[in-house]
Amino acid sequence: MTKPFQSPEHPARLVVINAGVSDPSSTRMLADRIAQQSLDRLAGAGLATSLTIIDLAPLAIDIAKAIVAGFPGDKLQAAIDSLAGADAIVAATPVYKAGMSGLFKSFIDLVDNDLLIAKPVILAATAGTARHAMVADEQMRPLFAFLRAVPVPTSIFAAPEDWGAPDLGKRIDRAATELAQFVASGVGRAIVNAAWDGYQHQFAGNAAQAERSAADVNFDTDLMRLAAGGSSSGS
Amino acid sequence: MQFGIFSVSDVTRNPLTGNTPSEAQRIDAIGRIAQRADEVGLDVFAIGEHHNPPFFSSSPTTLLAHIAALTQRIILSTSVTLVTTNDPVKIAEDYAMLQHLAKGRVDLMLGRGNTVPVYPWFGQDIRNGVALALENYNLLHRLWREDVVDWQGKSRTPLQGFTAIPRPLDDVPPFVWHGSIRTPEIAEQAAYYGNGYFANNVLAPNFHFLPLVNFYRERFEHYGHGSKEQAIVGLGGHAFIAKNSQDAHERFRPFFEGNPIYGSSYSLEEYAKNTPLSVGSPQEIIDKTLSFREAFGDYQRQLWVVDAMGLPLEAALEQVELLGIEVVPVLRKEMASRRSSGAAEAPTHASLVAAKYGDAPARQPTPNPNRGDNLTGARPYQDTDPALAAKLPLVG
């Protein structure tokens with residue numbers, strides 16, 4: 001039923017979601033550092049990697065329109081497509097009003113439930129005070145759990161003082177190492193191949209493995225049997 | 001190929017005048033729109049089913065029976081009949097009755113409905129929506145084809161020795177379209193029975209429904225009803241037509257922008273470019289509709305919404321006339337010239353009768369006499385197959 005989403009000879013694809021909106025943006029700066037470290041660690045693990053950055057600020061109006069209309073325009077579709085093809089993700093948001101940015105959440109609201117299944121994600125947040133240090137773990141982690149993605153054990157949070165602290169670099173390296181090991185192990189692909197049918201899916205959705213034709217569809221289900229004239233009473 | 005209009009029966013404020021029609025005005029208007037569609041030679045008029053304001057059409061068969069009496073040749077259909085919250089027994093009876101009154105000018109489109117509270121209002125649960133739709137149609141299919149039905153399932157009370165009356169006209173059930181925008185199980189059911197599949201083709205990007213239509217075509221062939229190209233496909237759409245493109249955009253814009261479903265997101269131009277919404281001159285509507293065929297292949301039915309968003313009656317009637325006089329005659333020719341020889345014709349009552357009986361007379365079910373208990377015994381009709389005798393439930 002399922003197809004591998006990465007052939008062994010294909011370079012790994014790292015995709016960054018950046019919800020920072022200023023220029024320069026400390027969220028983007030953090031995302032860039034995480035991305036570079038991840039590329040280095042992936043290279044160290046023997047994986048050639050391509051990098052795509054999705055800046056949400058230029059997509060803000062498209063995101064708002066898509067939420068109201070119920071479907072994305074071309075630019076947003078391209079962003080969703082690049083996420084669908086991602087082997088690893090860095091998700092970075094500023095903290096506003098003690099939470100992830102509304103723009104970030106709105107973008108994620110437009111993502112199919114099955115788009116990020118078993119993809120490793122480094123969660124990252126920036127804030128004006130260290131009091132928001134748990135936003136990545138207490139707000140972003142449950143969100144990506146709902147999406148059945150796999151946030152790596154270490155999340156990255158940067159308050160103003162962290163930009164002068166060597167420990168930030170150490171944490172970034174730890175998260176990048178975790179991400180690289182996850183990708184190198186192939187366990188994400190293995191999970192998708194072994195368990196894909198068990199998740200909720202949308203026919204012809206955006207997920208790389210979405211069912212798009214009769215050849216992809218599992219007909220061995222209660223509903224499909226009912227559709228073909230079967231009975232739901234089990235007789 | 002059939003061309004026509006479908007309505008969701010919305011009662012919407014006219015953004016130009018600020019006037020909202022009453023239910024009475026809209027119900028009167030829809031009859032006149034259907035009549036005009038018949039007069040200008042459109043093939044199909046379809047009405048939706050809703051159970052909450054701001055919609056008026058809760059009882060499609062009552063409305064369609066009235067329209068049947070006002071019209072000569074147009075086929076009356078639904079968009080959609082709720083197969084989840086209606087009892088399939090009542091659907092079987094209501095639409096068979098309508099079919100008799102309209103002398104066969106009836107088919108119907110079955111859908112699940114997307115208004116969450118309607119399910120609990122009718123004692124159902126939207127989380128079972130797909131299973132309800134599938135099981136209810138399985139029963140409906142039998143009720144229209146078997147004089148006597150014994151049935152047991154999850155969606156309603158079991159039936160023992162049940163006969164849905166009246167039997168379909170000429171003992172040929174109305175043709176059924178299954179409408180779905182995302183659910184392969186519904187397309188699978190349409191394919192299994194050799195019924196039609198309809199994609200509403202609105203409020204989504206161009207050709208968004210192509211994977212489901214192709215899935216239906218593949219499965220139609222799989223079940224031996226014919227080739228993929230012979231499957232029975234219908235598409236919706238939304239049209240606003242004026243003599244030239246600029247007038248169409250100018251006149252439609254306030255209705256588009258004043259509408260909560262359309263007006264708060266993409267611009268009219270974006271919508272018209274990226275979705276099946278057709279706004280423009282007759283030639284532009286023709287070109288856009290031909291692009292549907294280009295993508296979806298030969299299909300059997302094209303319906304457009306023309307009366308929504310608070311458009312006043314006069315404007316809706318004008319749309320019907322432009323469709324019937326300027327757009328559809330050209331489309332009939334253009335579609336026919338492009339059509340592959342294997343493509344099926346849209347089923348009608350006449351074609352279904354011919355397929356079932358050939359030159360032989362159609363069955364005319366005639367009941368056995370009332371035995372005094374308002375029943376006709378184990379075989380309800382004089383010619384009921386003896387093998388189908390009812391096992392009637394015993395009381396006491």
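How much area do chain B and chain A bury between them, and what percentage of it is on carbon and sulfur atoms?

Reply: Happy to! Please keep in mind that this is a predicted model. The size of an interface is often given as the accessible area lost when the parts come together. Here chain B and chain A bury about 2300 Å² between them, with 66% of that area on carbon and sulfur atoms. On the chain B side, B:F215, B:S265 and B:Y266 stand out: they supply 23% of the area that chain B buries against chain A, more than any other three residues. In terms of residues, 29 from chain B are in contact with 25 from chain A.

Now for the polar side of the story. The interface holds 1 salt bridge. Its partners are B:E270 and A:K65, whose closest N and O atoms are 3.2 Å apart. Between the two chains there are also 6 residue pairs counted as being in polar contact.

Which helices of chain B can you look for? At least two residues of the side that touches chain A come from each of helix 5 (129–143), helix 6 (184–193), helix 7 (210–222) and helix 9 (268–274) of chain B. Helix 6 of chain B gives the most, with 6 residues.

Chain B has 12 helices and 13 strands, and its C-alpha trace spans about 70 × 45 × 40 Å along the principal axes. Among the contacts in chain B with a separation of 6 or more, 70% are between residues 24 or more positions apart.

While you have chain B on screen, there are some backbone details to visit. Most residues other than glycine have a negative phi, and most peptide bonds are trans. A cis bond joins B:P53 and B:P54, with omega about 5 degrees; B:P54 sits in the loop between strand 2 (44–47) and helix 2 (60–70) of chain B. Another cis bond links B:S79 and B:V80, with omega about 10 degrees, and B:V80 is in the loop between strand 3 (75–78) and strand 4 (81–82) of chain B. Finally, B:N374 has a positive phi, near 60 degrees, and is exposed, with a relative accessible area of 68%.

Conventions
Residues numbered from 1 in each chain as written. Chains lettered and ligands numbered in written order. Predicted model: local features only at pLDDT ≥ 70, side-chain atom pairs only at ≥ 80, totals over all residues. Heavy atoms only, no water. Contact = heavy atoms within 4.5 Å. Buried area = accessible area lost by both parts, 1.4 Å probe. Salt bridge = Lys/Arg side-chain N within 4 Å of Asp/Glu carboxyl O. Polar contact = N/O pair within 3.5 Å; in protein donor to acceptor, adjacent residues only side chain to side chain. Helix = DSSP H or I, 4+ residues; strand = E, 2+ residues; numbered from the N terminus. Buried < 20%, exposed > 50% of the residue type's maximum accessible area, 1.4 Å probe, protein only.
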